[in-house]
Amino acid sequence: MKERIVSSLVFLLVLIIGFILGNQYYAILLGCCAVLGVREFILVKQNNNNLILVKILNYIGVLLLTFNNVYFIIDDMVVILYLILSNLFSVLVYQNKYNLTASLNIIGITYILGLAFNIILGLRISNWYLCLFIFIIAFSNDIYDYVTGCLIGKHQLKNYPKKSYESIIIGIIMSCVIGYVYYYNVIGSISVIGCILLCLFLSIMSVVGDLIFENIKRYHKLEFYYELLPGMKGILDRFDSILFVALGLFLFLSVF
């Protein structure tokens, strides 16, 4: 418990410092997080096989996605084509060590990470209030989910021993309320109903991201993706819900 709290505070402090220092420092921070996230997933899928070429090619891919339309402009289809061809090339190079199924999984996570971090970075530059909104929703959901699960979580969610129906419901409600208060009073660019729907949708997306990445860990029989420091979980453990909130916000604003 103590290590978890300390590591969470360290993670939050790093994010705050990067956010305050400005766009360039924040871009470097997010670029490092994107690369580390891809690295963690490759290690999980390949059981620590030393696939240097796979790592390098996907590091390049996730950085192209993260910084695209921010510091340079490349058509998204070009980046996707790069990811597909580079991973197919890696399959041919490594053969038995790296198969097509693994390459498709890694292409998927690289694209999700790159797109989500690109959205966060773009919002930090264009509208940092909206960028902060992403973290408020995700952190509120995680905090109330965890606290409720410890205090009153009685009905366990099937196949998720650390989750309960009570913690998920309370997490969604509280993150929706906190997100609504922040968005409506600080940003206020949509109607009351629209703001409620947005916060509810993003709160659900936060839970979806958490459950998806948790399911991947369970499938590979892992407690966490990686240990950056003693007691400090990896990037994918920390950004699971944030990634899906960022993607959800992009989808919602694109449609409405």
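**Why is it called that?**

Guide: Let's start at Leu 88, which sits in helix α4. Keep in mind that we're looking at a predicted model.

Visitor: Okay, what makes Leu 88 count as partly exposed?

Guide: Its relative accessibility is 36%. Buried would need under 20% and exposed over 50%, so Leu 88 lands in between and counts as partly exposed.

Visitor: Which residues form the nonpolar patch on the surface?

Guide: Leu 81, Ile 84, Leu 85, Leu 88, Leu 100 and Leu 104 do, and together they have about 540 Å² of accessible area.

Visitor: Which helix gives the most to the nonpolar patch?

Guide: That's α4, with 4 residues. Both α4 (76–94) and α5 (100–126) supply at least two.

Visitor: Now to charges. What makes Lys 163 and Asp 145 a salt bridge?

Guide: Their side chains come to 2.5 Å, N to O. The cut-off is within 4 Å, so the pair qualifies. Here's the linking bit: Lys 163 is in strand β2 (residues 160–164) and Asp 145 is in helix α6 (residues 128–151), 18 residues apart.

Visitor: How many salt bridges does the structure hold?

Guide: It holds 4. One of them joins Lys 217 and Glu 214, with their closest N and O atoms 3.3 Å apart.

Visitor: Why are Lys 217 and Glu 214 separated by about one helical turn?

Guide: Because they are 3 residues apart in helix α8. Lys 217 also meets Asp 237 in a salt bridge, at 3.0 Å. Asp 237 lies in helix α9 (residues 235–255) and Lys 217 in helix α8, so this pair ties together parts 20 residues apart in sequence.

Visitor: One last thing: at what angle do the axes of helix α7 and helix α8 cross?

Guide: The axes of α7 (residues 165–187) and α8 (residues 192–219) cross at roughly 140° and come within 8 Å. That makes α7 oblique to α8, because roughly antiparallel would take an angle over 145 degrees and roughly perpendicular would run from 65 to 115. The crossing is right-handed.

Key. Residues are numbered from 1 along each chain as its sequence is written. This is a predicted model: local features need pLDDT of at least 70, side-chain atom pairs count only at pLDDT 80 or more; totals for chains, interfaces and linings use all residues. Side-chain values use heavy atoms; hydrogens and water are left out. Patches are made of residues with over 30% relative accessible area and no salt bridge: like charges are joined within 9 Å, nonpolar side chains (Val, Leu, Ile, Met, Phe, Trp, Tyr) within 5 Å. Accessible areas come from the Shrake-Rupley method with a 1.4 Å probe; for residues, only the protein chains shown count as cover. Buried means under 20% relative accessible area, exposed over 50%, partly exposed in between (1.4 Å probe, protein chains only). Axes are lines fitted to C-alpha atoms, for helices over the stretch in contact, and angles run from 0 to 180 degrees between N-to-C directions. Angles under 35 degrees count as roughly parallel, over 145 as roughly antiparallel, 65 to 115 as roughly perpendicular and the rest as oblique. A crossing is left-handed if the near helix is turned anticlockwise from the far one by less than a right angle, and right-handed if clockwise.
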